[in-house]
Amino acid sequence: MILTLTANPSHDRTVTLDAPLERGSVHRVASVLSQAGGKGVNISRACVAAGIPSLAVLPAPQDDPFVHELLAAGIDARPVPSAHAPRVNITVTEPDGTTTKLNSPGADATPELLSALAESLHLRAGTADWVVLAGSLPPATPDHWYADLVALLAESPAKVAVDTSDAALRALVDALPGPAPDLMKPNGAELASLTGQDPDLLEADPLAAANAARLLVDKGVGTVLVTLGPHGAVLVDASGAWHATPPPT
């Protein structure tokens with residue numbers, strides 16, 4: 001079973017235009033798609049599609065339409081009571097595929113909410129194979145919160161994966177060689193920011209990305225999966241490194 005945490009869930013709305021976006025103009029919208037989302041939620045959604053048991057922990061009012069949408073989609077959502085509805089993120093897509101994203105920050109997280117989310121994870125981690133901490137942190141959350149959760153979950157038999165960015169990712173690495181995640185998934189630019197290397201080089205050179213990822217493995221991270229856009233991905237652990245190439249996109 002895969003247990004996911006989405007600390008900052010979002011209503012993801014995609015607006016598709018039938019003409020190029022022009023600032024200051026009025027546009028006709030070809031379609032609007034709305035879906036309950038967030039990185040952890042999307043992982044649980046993929047698990048359901050693959051027939052893998054999953055629980056999705058997230059903050060939301062108990063009867064929020066966000067929760068009902070997840071349950072209707074077959075996603076076993078376990079909301080931790082929150083006074084605020086999930087944020088709204090907007091994606092604008094133009095006919096040539098150009099995409100503009102407008103992500104809202106979400107409501108401030110209280111210490112009580114963060115404590116309740118941590119307790120919910122801790123209680124369920126004993127029956128999970130993996131716990132996935134995914135996505136951005138809501139405002140007012142300490143940067144080191146994911147690192148604290150990794151330490152808390154070290155007591156459980158579950159493996160821990162983390163997919164985040166910015167200050168939360170930096171704090172996770174700064175906590176090494178303390179309790180470390182079993183899997184981290186930075187992209188090339190994020191890996192460069194952690195290792196002091198050239199982001200353009202890492203994004204374009206899988207061997208350089210693998211060598212940089214090795215620095216994190218040497219600090220205690222079990223496996224590092226680095227996504228490199230059109231250059232595929234590299235997977236690095238203590239036993240070796242592998243490069244996967246995608247079809248042209």
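This is a predicted model: local features need pLDDT of at least 70, side-chain atom pairs count only at pLDDT 80 or more; totals for chains, interfaces and linings use all residues.
I started with the lining of the largest pocket, whose residues divide into three nonpolar, 12 polar and four charged.

Residues are numbered from 1 along each chain as its sequence is written, and side-chain values use heavy atoms, with hydrogens and water left out.

**Largest pocket**

I found a volume of about 340 Å³ for the largest pocket. A pocket here is an open set of points on a 1 Å grid over the protein atoms alone, where a 1.4 Å probe fits, with protein on both sides within 12 Å along at least five of seven lines; lining residues have an atom within 4 Å of a point. The volume is the space filled by probe spheres set on the points, which are joined across faces, edges and corners. Of its 19 lining residues, Ser 10, Asp 12, Gly 38, Asn 89 and Lys 101 lie nearest the centre.

**Second largest pocket**

I read about 180 Å³ for this one. Its lining includes Ile 2, Trp 130, Asp 163 and Lys 185. Strand E9 gives the most, with three residues; strands are DSSP runs of at least two residues, helices (H or I) of at least four, numbered from the N terminus. This lining has eight nonpolar residues, no polar and two charged.

**Helix H4 and Ser 156**

I listed the buried residues of H4 (residues 145–153): Trp 145, Tyr 146, Ala 147, Leu 149, Val 150 and Leu 153. Next I looked up Ser 156, in the loop between H4 and E9. Ser 156 counts as buried because its relative accessibility is 14%, and buried means under 20% relative accessible area, exposed over 50%, partly exposed in between (1.4 Å probe, protein chains only). A polar atom of the Ser 156 side chain lies 2.8 Å from the backbone oxygen of Leu 153. I also noted Gly 126, 30 residues from Ser 156 in sequence but 5.6 Å from it in space, C-alpha to C-alpha.

**Hairpin**

Last, I checked E12 (residues 233–237) and E13 (residues 240–244), which pair in the antiparallel sense over five bridges; pairing needs at least two bridges found by DSSP. Two residues sit between these strands in the hairpin, and Leu 235 stands opposite Trp 242 in E13.

Notes. A polar contact is a pair of N or O atoms within 3.5 Å; within protein, one must be able to donate a hydrogen and the other to accept it, and residues adjacent in sequence count only if both atoms are side-chain atoms. Ala, Val, Leu, Ile, Met, Phe, Trp, Tyr, Cys and Pro count as nonpolar, Asp, Glu, Lys and Arg as charged, and the others, Gly among them, as polar.
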